[in-house]
Amino acid sequence: MTPPRRALWLMNQYPKLSHTFIAREIAAMERLGWQIDRVAIRGTPPDEDHPTLAAEAARTHRVLGQGALHLLTDLLAEAVRAPGAAWSAARAAWRMGARSERGRLVHLVYLAEAAHVARRCRATGAHHIHAHFGTNPAAVALLAARLSGLTYSFTAHGPEEFDAPRALSLDDKLSGAAFAVAISHFGTSQLRRWAPEARIAVVRCGLDLAGFDGAASAPPDAPVLVCVGRLSEQKGHLVLMEAAARVAARVPGFRLVLVGDGPLRPSIEARITALGLGATVTLAGWADEAAVRDHVCAARALVLASFAEGLPVVIMEAFALRRPVVTTWVAGIPELVDDTCGWRVAAGDVEGLADAMVSAVTAPRDRLLAMGRSGRARVEAMHDGEAEARKLADLIEDATRRANP
């Protein structure tokens with residue numbers, strides 16, 4: 001009889017509207033017969049709380065929600081149960097803390113969180129820990145693996161991991177992992193800079209493509225573009241506003257919808273006012289998955305002006321909905337977007353971005369339809385959720401076999 005396949009998925013904050021790709025991955029793993037224990041260090045941030053997340057939130061265990069006394073008790077229990085493992089984990093936490101901007105005290109908190117995760121693995125029967133993002137979730141996963149003796153892995157999405165690899169002890173996390181996942185070949189190249197011998201595999205973010213079929217529609221005639229993403233510096237929204245002003249001067253009736261929220265919102269609002277774009281740019285705020293689809297379908301194309309990325313899931317979603325994209329030539333984006341399905345420009349090039357946006361809003365419908373078909377074909381070939389989940393499942397099964405021959 002085949003033993004149950006159980007794993008613990010570890011995230012920093014979960015569920016989140018901006019991390020629906022994790023929920024899709026978990027659902028795909030469960031369809032493959034895996035039992036996945038969802039564990040988040042902390043819950044959904046208030047600005048991303050939404051009724052559509054309620055079911056997933058109810059299934060998620062929150063580490064910090066247990067309280068400091070509970071976590072300290074777990075740490076002491078682990079020290080008594082296996083002093084050698086606890087000492088090894090404590091030394092790893094001390095080393096990572098020395099290199100981190102957050103310092104050693106925070107990493108000792110991570111150690112207590114890891115003790116709770118290790119004990120939860122034993123309680124649920126999980127035999128592997130998989131973390132999303134190479135930041136603090138990967139640190140907690142490393143420490144929990146030291147305490148429990150289990151294997152661990154993590155998915156590095158970028159760009160945070162690539163911006164501060166030394167401060168994040170990325171080399172230690174990669175060296176200790178049974179394997180690491182990159183979401184693009186570009187991501188693999190960045191991880192190999194810090195751990196050339198580490199086992200790194202490409203497992204792309206996947207979509208449930210059938211779920212997008214009913215939402216697809218023909219592109220509108222109106223000159224409308226949509227940008228979906230967190231309002232943060234790396235997404236290039238201020239450059240996008242400069243480009244939008246140029247497009248508005250050239251294309252009567254041009255409109256741009258920004259979906260998302262974040263710390264850069266006040267600066268974006270000020271730039272909209274300064275450029276006289278009040279009637280051109282709409283700030284729609286956060287939207288759930290269904291609303292994002294509606295926004296994309298109401299536009300001729302998606303536009304992203306990103307300076308740094310991993311590989312934006314919203315590009316995959318736009319392609320699934322048969323919409324082309326205007327985007328920048330950074331990180332893993334060129335692996336998915338080519339000239340048959342989008343316009344690619346240099347990051348920070350306002351004029352180039354404006355020209356591409358004009359092309360998108362003035363292109364004949366036949367061209368947009370052809371580009372949409374090409375995008376759909378590319379995402380079907382590269383980002384099928386079931387196929388990518390099978391890759392991850394195979395990696396975990398191989399890792400546990402190696403650890404327990």
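Modeller: A pocket is an open set of grid points with protein on both sides within 12 Å along at least five of seven lines, and its lining residues have an atom within 4 Å of a point. Please note that the model is a predicted one.

Colleague: Which element gives the largest share of the lining of the second largest pocket?

Modeller: The second largest pocket has a volume of about 360 Å³. Among its 20 lining residues, Thr20, Ala23, Arg24, Thr52 and Glu289 are the closest to its centre. Two or more lining residues come from each of H1, helix H2 (54-58), helix H10 (210-213) and helix H13 (289-297). The largest share, five residues, is that of H1.

Colleague: How far apart are the end C-alpha atoms of helix H1?

Modeller: Helix H1 covers residues 20-31, twelve residues in total. At 1.5 Å a residue it should span 16 Å, and the model agrees with this, as the end C-alpha atoms are apart by 17 Å.

Colleague: Which residue just after H1 takes a positive phi?

Modeller: Within H1, the buried residues are Thr20, Phe21, Ile22, Arg24, Glu25, Ile26, Ala28 and Met29. Just after the helix, a positive phi of about 100° is taken by Gly33.

Colleague: Which strands stand at the edges of the open sheet of six strands?

Modeller: The strand order is S10-S9-S8-S11-S12-S13, with parallel pairing. An edge strand has a single partner, so one side of it is left without a neighbour in the sheet. Neighbouring strands are turned by 25° against each other on average, direction ignored. The edge strands are S10 (281-285) and S13 (342-345).

Colleague: Which residue in S11 does Val226 stand opposite?

Modeller: Strand S8 (residues 224-228) and strand S11 (residues 301-303) pair in the parallel sense over two bridges. In S11, the residue opposite Val226 is Leu302.

Colleague: At what angle to S13 does helix H16 run?

Modeller: Helix H16 (residues 350-362) lies across S8, S11, strand S12 (325-328) and S13. Its angle to S13 is about 170°.

Note on methods: Residues numbered from 1 in each chain as written. Predicted model: local features only at pLDDT ≥ 70, side-chain atom pairs only at ≥ 80, totals over all residues. Heavy atoms only, no water. Pairing = 2+ DSSP bridges. Helix = DSSP H or I, 4+ residues; strand = E, 2+ residues; numbered from the N terminus. Axes fitted to C-alpha atoms, helices over the stretch in contact; angles between N-to-C directions. Contact = heavy atoms within 4.5 Å. Expected span 1.5 Å × (residues − 1). Buried < 20%, exposed > 50% of the residue type's maximum accessible area, 1.4 Å probe, protein only. 1 Å grid on protein atoms, 1.4 Å probe; cavity = no way out; pocket = protein on both sides within 12 Å on 5 of 7 lines; lining within 4 Å. Points joined across faces, edges and corners; volume = space filled by probe spheres on them.
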